[in-house]
Amino acid sequence: NDMPTTYVKTKTHCGGRCGMCSPSKYIETLDSFEEMCRSGHYITRKKKKKYVIYSMGLVQRATHLIRNPFNNLVSRYHLQLNKNSKDLEWV
């Protein structure tokens, strides 16, 4: 496995997501936030999902996207709607 010689953009949500939970289930500490930012998954050659926590040493730069809070509400609603589209009680 050769390492890239340039920066590679990745996307992460850094935890703190739960559509039907109380805040105590998704509020992050500094340590848990940092670990969630390094967490992810990839698909193996055998088409299996493998979860990983990457080394902090791999991180060279970061971009923090700040969105309008109302846009976040709409986006999270759409995410839950898509996840629960077959659940007639939810819809």
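**Close-up 1. E34 and its salt-bridge partner R38 in this predicted model.** Let's start with E34, which is partly exposed at 26% relative accessibility. E34 forms a salt bridge with R38, and their closest N and O atoms are 2.4 Å apart. R38 has a relative accessibility of 16% and so counts as buried, because buried means under 20%. A search of the whole structure finds 1 salt bridge.

**Close-up 2. The disulfide between C14 and C37.** Here the two sulfur atoms lie 1.9 Å apart, and the count for the model comes to 1 disulfide. C14 sits in the segment before helix 1 (30-37) while C37 belongs to helix 1, so the bond ties together parts that are 23 residues apart in sequence. The torsion about the S-S bond is about 120°, which means that this disulfide is right-handed. If the term is new to you, a disulfide is a covalent bond between the sulfur atoms of two cysteines.

**Close-up 3. A patch of positive charge on the surface.** Which residues gather in this patch? They are K11, R17, R67, R76 and K83. Take R67 as a landmark: R67 lies in the loop between strand 2 (49-53) and helix 2 (69-83). With a relative accessible area of 39%, R67 is partly exposed.

Notes: Residues are numbered from 1 along each chain as its sequence is written. This is a predicted model: local features need pLDDT of at least 70, side-chain atom pairs count only at pLDDT 80 or more; totals for chains, interfaces and linings use all residues. Side-chain values use heavy atoms; hydrogens and water are left out. Patches are made of residues with over 30% relative accessible area and no salt bridge: like charges are joined within 9 Å, nonpolar side chains (Val, Leu, Ile, Met, Phe, Trp, Tyr) within 5 Å. Accessible areas come from the Shrake-Rupley method with a 1.4 Å probe; for residues, only the protein chains shown count as cover. A salt bridge is a side-chain nitrogen of Lys or Arg within 4 Å of a carboxyl oxygen of Asp or Glu. Lys and Arg count as positive and Asp and Glu as negative; His and the chain ends are not counted. The place of a charge is taken as NZ of Lys, CZ of Arg, CG of Asp or CD of Glu. Helices (H or I, at least four residues) and strands (E, at least two) are DSSP runs, numbered from the N terminus. Buried means under 20% relative accessible area, exposed over 50%, partly exposed in between (1.4 Å probe, protein chains only). A disulfide is a pair of cysteine sulfur atoms within 2.5 Å.
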